[in-house]
Amino acid sequence: MRRGVGTGAIAKKKRAEAKYKERGSVLAEDQIVQMSKQLETFKSHLEEFASKHKQEIRKNPQFRVQFQEMCATIGVDPLASGKGFWSEMLGVGDFYYELGVQIIEVCLALKHRNGGLITLDELHQRVLKGRGKYAQEVSQDDLVRAIKKLKVMGNGFGMIPVGGSYLVQSVPAELNMDHTVVLQLAEKKGYVTVSEIKESLNWQKERASHVLDHLLKEGLAWLDSQAAGEAQYWLPALFSELSSRDVSPEEASQMTP
Amino acid sequence: MDRFSWTNSRTELNETYVIEQRGVRLYDGDEKAKLNVGTAFLTTHRLIWGDIKYEDSCLAFPLSQIIFIEEQAGGLGKSAKIVIHLHPAPENKEPGPYNSSKYSYIKLSFKEHGQIEFYRRLTEEMTLKRWENTPISKPISTGTGSQGGRTRAVGIVGIERKIEEKRKELDKNISEAFEDLSQLMVKAKEMVELSRSIANKIKDKQGDITEDETVRFKSYLLSMGIANPVTRETHGSGTHYHLQLSKQLGDMLQAPLEERGGMMALTEVYCLVNRARGMELLSPEDLVNACKMFESLKLPLRLRVFDSGVMVVQLQSHSEEEMIASALDNVSEKGSLTAEEFAKLLGLSVLLSKERLLLAEKMGHLCRDDSVEGLRFYPNLF
């Protein structure tokens, strides 16, 4: 679309300009030109900052947190695009995007065992292990931010607050408040029974069974029907920290879901 | 805290690492020690703690000093802790950060979790008592240790001074960095405000903005990481960059898609592409924005969102009818199939094979049997 040419258009423009100048405001297209100039200036400031402090961002998780929070406060997302200045010059992008890849891979590798639910702790440990001894330090805050970015790819990445930390969900299983609350209840021992739910949450048996059935179906819970007393519903995501041998996908599919 | 001694090397001969945990703060009894949060290392012989910034000044005590340990669960605003009860320090103990303490126990506070595993390993080491079998020989100074070794000879005062110097230098670096960061943010904020003003004007159609200028504006927003508030375009937040990317992806993904039955989850694509790149990685948003442009660029790929929210890239050539028809064939042949069985049959991921079955069900070709044993699909005979 070209701007109107011809005397009519010119006159119209002159009137518009006059009107804006009257109000002391500037035309958008002039502002875009201004922005382009300011952008160049900003870019060189950022380059200077990067030359002095790029290492700090790489090495210091606390500094990263500060940086991220400041960006959020002013309305800037340094991780929006790999083509953004922040990413290109400070290298923050690559750090978090690579972390994203590592998170996805860990979750995928363990999905057959825990149904797509893993504690932030375990995820942290495994990601660190995968990165090796000499890689940059990665904090849980870093993981959380990387996960927030992954959400945009629609694969059901989410975080459920449980026991002072989080469970990271990596499958699109529908988990509502009821499911979440039962997960939180199960956090202490790694398993939960219908009686415990009824007692702690004051629910009817049907409601408890309904929630537990859903967790079983989604592969998030395993049923131990031979437990002394009453059937126990175990959450593999939660008991992974106790010693348990790794289960291969074939074995997992043979076990009672 | 008076049981700790300074140590300037990480491991000594015959000593092996068992586990380490970042984000640990030390407590002298119930009081926080005047140290930063650091990393706790458990070896077969000692418990070591270090502030990562001061590599050649760590604290340690032998595991044999431990009488017993307890766990202290975390709570609201409180991190989980391990309480370690210790024997009194022996007379010939090497100097450490505290000369005396009124407490006979210390605590490790786990600010970044990891307490459960650490406790388990510590318990294990205390049961195994491996330090009794293999006494540690004299410390071997590694690389950075050599400097520290010299300062040790100068005595405690010399060490404290060195730490103080390092801390000041670090503080200076950090505060300079923060100051520079704050100044940078002020300038960034100006950019944000300017872009908001422009966006408002575009919305209110003040002035005469050409398409060219709009495209340029969008690329400025992309560079700064400012969300695009003007949502009238059909290509999402696509810019020239995303256009290029879209074409690249079109080329790059053909073969992998063919190998995987014509469909890949977006997260799979993300990993594949970024692993291949190694550097200058794509952000998740970059990928989504590029994929959204497949259709308008007439590339033979499509971005597709299932009801469940799962996003996939699929080859145009693999039409929906074909997929559903073949799904129906497979299920009829076997009588019934679960998502896992279907996945194995086709060599697809379980996630995507489930989506296909759900799609076939939605079209009325399959029906489900949903029980705790799993979700099984049958041909729809109704």
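## Reading helices and sheets in a predicted model

User: Where do I start with chain A, and what share of its contacts with a separation of 6 or more comes from residues 24 or more positions apart?

Analyst: In this predicted model, residues 24 or more positions apart account for 54% of the contacts in chain A with a separation of 6 or more. Chain A holds 12 helices and six strands, and 48% of its 257 residues are buried. Its accessible surface is about 12800 Å², with 50% of that belonging to carbon and sulfur atoms.

User: Let's take one helix. How do I read which residues of H6(A) are buried?

Analyst: A helix has a repeat to keep in mind: an α-helix has 3.6 residues a turn, so residues three or four places apart point the same way. In H6(A), the buried residues are Leu120(A), Asp121(A), Glu122(A), Leu123(A), His124(A), Val127(A) and Arg131(A).

User: What do those buried residues of H6(A) pack against?

Analyst: Their partners in chain A are helix H5 (92-114), strand E1 (117-119), helix H7 (140-150), strand E3 (165-169) and helix H11 (236-239).

User: Now sheets, please. In what order do the three strands of the open sheet in chain B lie?

Analyst: The general idea is that strands of a sheet pair through backbone hydrogen bonds, either parallel or antiparallel. Here the order is E13-E15-E14 in chain B, with antiparallel pairing. The edge strands, E13 (337-338) and E14 (366-371) of chain B, each pair on one side only. E14(B) and E15(B), residues 374-379, share six bridges, and Arg368(B) stands opposite Phe377(B) in E15(B).

User: Which helix packs on this sheet at about 95° to E15(B)?

Analyst: That is H8(B), residues 320-334, which touches E13, E14 and E15 of chain B. Helix H10(B), residues 350-362, also touches these strands, and its direction makes about 120° with that of E14(B).

User: Is strand E6(B) mostly covered or mostly open, and which strands pair with it?

Analyst: E6(B), residues 58-62, is mostly covered, with four of its five residues buried. Strand E1(B), residues 5-7, pairs with E6(B) in the antiparallel sense over three bridges, with Thr7(B) opposite Cys58(B). Strand E5(B), residues 46-50, pairs with E6(B) in the antiparallel sense over five bridges, and there Trp49(B) stands opposite Leu59(B).

Methods: Residues are numbered from 1 along each chain as its sequence is written. Chains are lettered from A and ligands numbered from 1 in the order in which they are written. This is a predicted model: local features need pLDDT of at least 70, side-chain atom pairs count only at pLDDT 80 or more; totals for chains, interfaces and linings use all residues. Side-chain values use heavy atoms; hydrogens and water are left out. Buried means under 20% relative accessible area, exposed over 50%, partly exposed in between (1.4 Å probe, protein chains only). Helices (H or I, at least four residues) and strands (E, at least two) are DSSP runs, numbered from the N terminus. Contact means heavy atoms within 4.5 Å. Accessible areas come from the Shrake-Rupley method with a 1.4 Å probe; for residues, only the protein chains shown count as cover. Two strands pair if DSSP finds at least two bridges between them. Axes are lines fitted to C-alpha atoms, for helices over the stretch in contact, and angles run from 0 to 180 degrees between N-to-C directions.
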